[in-house]
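Subject: Structure handover

Hello,

Here is the structure I said I would pass on. Please open it first and read the notes below with it in view.

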Amino acid sequence: MLPKPVCKKWFSTQRIQDGLYLITEPHYYWYNRANLWLIKGRSQDLLIDTGLGVASLRNYIASLLDKPLLAIASHIHFDHAGGMHEFEQRAIHAAEADALRQGDDHEALCAPEQGWVQDEHFECLPQADFTVEQYTLQGTEPTQILQEGDVLDLGDRAFEVLHLPGHSAGCIALYDAQSQEIFSGDVIYDGELLDELHCSHIPTYLDTYDRLRKLPVETVYPGHYPIFGRDRYHQIISEYLECRRQPGCPSDSPTLDPLISGTCL
């Protein structure tokens, strides 16, 4: 088998609108490829999620930065929090702060025995000496601990932190009430919703979706897959609630273990 080539550019950027950029890692497996959102504010910028951490995201976006930047992990999983260590200001929800601090590969879903970081998921190498066997979540101290109801003020717009567990204990979304836009991480996206990981809990996910159903939302900027609008938002929520509340569903079992082993990220 021929060795994989080293890619010339690991990241790609799409300008969605003034002050909003979507950054992705196109040479990584589409199923787990995260959306990284750079939001430019008047007095501060936000970076929502930092990808795998296998190439320097900080260097890549340097030309777009002209003011203080806060890097936020929507949750601890490796495809979202892998590059957090690169940034001076780092925020995560309190429920997963220790996992980021300690570089907890198990909670990040990248421990070798979990099998989620696979060689075939990289169509080319981010650097010549990269190997999946050496991949780990690099621990880093959070500089800001996020809680439900915190407000992140960018000068010209503000985002409320919503704690929305279910996929994992520390999942958050950022909500702009004025524009009714939500940056949802892995709480909701237009693809297979993953609720059977060891860190997931279906009844909690149901509570989260009951809450989201009442939230006025016009546009969703998700952690994976395409942007979508209000109608699809409500359809995804309704389909999930209907499916998981059917008789015999795991969420109806009184003996449900909140640490359910699953099949994907």
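**Salt bridges and overall shape**

The side chains of Glu196 and Arg244 form a salt bridge, with 3.1 Å from N to O. A salt bridge here is a side-chain nitrogen of Lys or Arg within 4 Å of a carboxyl oxygen of Asp or Glu. This pair links distant parts of the chain, 48 residues apart: Glu196 is in the loop between strand E11 (181–185) and helix H5 (202–213), and Arg244 is in helix H6 (residues 230–244). Glu196 is partly exposed at 33% relative accessibility, whereas Arg244 is buried at 12%. Buried means under 20% relative accessible area, exposed over 50%, and partly exposed in between (1.4 Å probe, protein chains only).

Before the rest, a note on the source. The model is predicted, so local features need pLDDT of at least 70 and side-chain atom pairs count only at pLDDT 80 or more, while totals for chains, interfaces and linings use all residues. Residues are numbered from 1 along each chain as its sequence is written, and side-chain values use heavy atoms, with hydrogens and water left out.

The structure holds 18 salt bridges. One of them joins Asp66 and Lys40 through their side chains (2.9 Å, N to O). Asp66 lies in the loop between helix H1 (57–60) and strand E5 (69–72) and Lys40 in strand E3 (residues 36–40), so the pair ties together parts 26 residues apart in sequence. Asp66 is exposed, at 59% relative accessibility, and Lys40 is buried, at 17%.

Another salt bridge pairs Arg213 with Asp210 (3.1 Å, N to O). Both are in helix H5, 3 residues apart, which separates them by about one helical turn. Arg213 is partly exposed at 42%, and Asp210 is buried at 18%. Salt bridges that share partners also join Lys40, Asp45, Asp66 and Lys67 into one network.

As for the whole, the protein chain has 6 helices and 13 strands. These are DSSP runs numbered from the N terminus: helices are H or I with at least four residues, strands E with at least two. The radius of gyration is 18 Å, close to the 18 Å that the globule rule gives for 265 residues, so the chain is as compact as a globular protein of that length. The radius is taken over C-alpha atoms, and the rule is 2.2 Å times the number of residues to the power 0.38. Buried residues make up 53% of the 265 residues.

Regards
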